[in-house]
Amino acid sequence: TRTTRPQRLLKAVQDRAIRGNPKSVISVIDHYCRNQEWAMNVGDEKGFILDSVVSELNPQTVLELGTYCGYSAVRIGRLLHSGARLLTLEFNPDYAAVAREVISWAGLENTVQLVEGASGDWIPRLREHFGIHTFDFIFLDHWKEGYLADIKLLEECRLLRKGTVLLADNVVCPGAPDYLEYVRKSPLYDSRYFKSHLEYTKAEDGLEKSVYLG
Ligand SMILES: CNc1ncnc2c1ncn2[C@@H]1O[C@H](/C=C/CNC(=O)c2cc(-c3ccc(F)cc3)cc(O)c2O)[C@H](F)[C@H]1O
Ligand SMILES: [Mg+2]
């Protein structure tokens with residue numbers, strides 16, 4: 001049977017990237033997705049904005065919603081300092097299997113932990129299961145209609161603290177209108193939009209950065 005798009009992306013990483021070198025894993029995926037087969041990674045242009053937010057914050061505890069092939073997990077994980085940890089949630093077992101390989105190829109298996117399952121099931125259990133108190137940084141890149149429910153769940157579970165930064169991908173394309181309205185209107189957040197482009201294309205897209213005021 002035919003391979004899947006994530007499997008073909010993984011093969012490109014294994015054939016072309018240098019083991020243990022996150023930078024080469026990132027550039028191989030970007031080159032492959034720009035020149036051979038598009039895939040919904042945050043990509044290099046929005047990735048540069050993601051890098052600057054993470055580098056400025058220097059977070060110790062990070063949550064990612066929606067691993068897919070692990071591109072942004074590698075992007076974020078490579079910037080974390082020793083002792084810092086990224087938990088990334090992915091409920092599709094095929095994507096999770098590919099992402100584990102990509103994360104391992106980048107040599108980030110001790111920094112990035114992939115948890116298989118749905119955000120709605122796992123968020124209420126992160127504290128007791130992983131000893132997490134609060135998150136410093138959260139990257140939302142899963143189903144766009146799930147963003148709003150999950151930020152509210154994170155509030156309810158008291159996993160946000162004064163200054164927690166949430167960064168949401170695709171707030172223009174495909175769009176997350178209910179999430180945008182919520183974070184921009186709520187007095188709990190200080191929100192701003194970083195205009196960019198949809199990965200590997202000229203279409204507009206952007207990231208919304210929201211700081212929880214607690
Ligand atoms: C809801 N709870 C979940 N829990 C755990 N894993 C989850 C959950 N929900 C999904 N997943 C997991 O998170 C991922 C979902 C990513 C969805 N991303 C997109 O749709 C998305 C789409 C485009 C796009 C833009 C234009 C166009 F013409 C076509 C596509 C661009 C983007 O950057 C995207 O991120 C994964 F697939 C799913 O299993
Ligand atoms: Mg995305």
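Me: A salt bridge is a side-chain nitrogen of Lys or Arg within 4 Å of a carboxyl oxygen of Asp or Glu. With which residue does Arg78 form a salt bridge?

Reply: Some ground rules: this is a predicted model in which local features need pLDDT of at least 70, side-chain atom pairs count only at pLDDT 80 or more, and totals for chains, interfaces and linings use all residues. Residues are numbered from 1 along each chain as its sequence is written, chains are lettered from A and ligands numbered from 1 in the order in which they are written, and side-chain values use heavy atoms, with hydrogens and water left out. In the pair formed by Arg78, the closest N and O atoms are 2.8 Å apart, and the partner is Asp51.

Me: How many residues apart in sequence are the parts tied together by Arg78 and Asp51?

Reply: Helices (H or I, at least four residues) and strands (E, at least two) are DSSP runs, numbered from the N terminus. Arg78 lies in the loop between α4 and β2 (85–90), whereas Asp51 is in helix α3. The pair therefore ties together parts whose separation in residues is 27.

Me: Is Asp51 buried or exposed?

Reply: Buried means under 20% relative accessible area and exposed over 50%, with partly exposed in between (1.4 Å probe, protein chains only). The side chain of Asp51 also meets Arg75 in a salt bridge, at 2.7 Å from N to O. Because the relative accessible area of Asp51 is 9%, the residue counts as buried.

Me: Which residue forms a salt bridge with Glu37?

Reply: Glu37 is itself buried, with a relative accessible area of 15%. The closest N and O atoms of this pair are 2.6 Å apart, and the partner is Arg8.

Me: How many residues are in the largest nonpolar core?

Reply: A nonpolar core is a set of buried Ala, Val, Leu, Ile, Met, Phe, Trp, Tyr and Cys residues joined through side-chain atoms within 4.5 Å. Val25, Ile29, Ile76 and Phe137 have the most contacts inside the largest one. A second, separate core of 30 residues includes Leu140, Ile151, Leu153 and Tyr212. For the largest core, the number of residues is 44.

Me: What is the relative accessible area of Tyr179?

Reply: Tyr179 sits in helix α10 (residues 177–185). Leaving aside neighbours within four places in sequence, Tyr179 is in contact (heavy atoms within 4.5 Å) with Leu140, Tyr147, Leu148, Ile151, Leu166, Ala168 and Ser210. Tyr179 is buried, and its relative accessible area is 0%.

Me: What is the relative accessibility of Met40?

Reply: Patches are made of residues with over 30% relative accessible area and no salt bridge, like charges being joined within 9 Å and nonpolar side chains (Val, Leu, Ile, Met, Phe, Trp, Tyr) within 5 Å; areas come from the Shrake-Rupley method with a 1.4 Å probe, and for residues only the protein chains shown count as cover. Trp38, Met40, Phe91 and Trp143 make a nonpolar surface patch of about 440 Å². Met40 lies in the loop between α2 (22–35) and α3 (43–57). Met40 counts as partly exposed because its relative accessibility is 36%.
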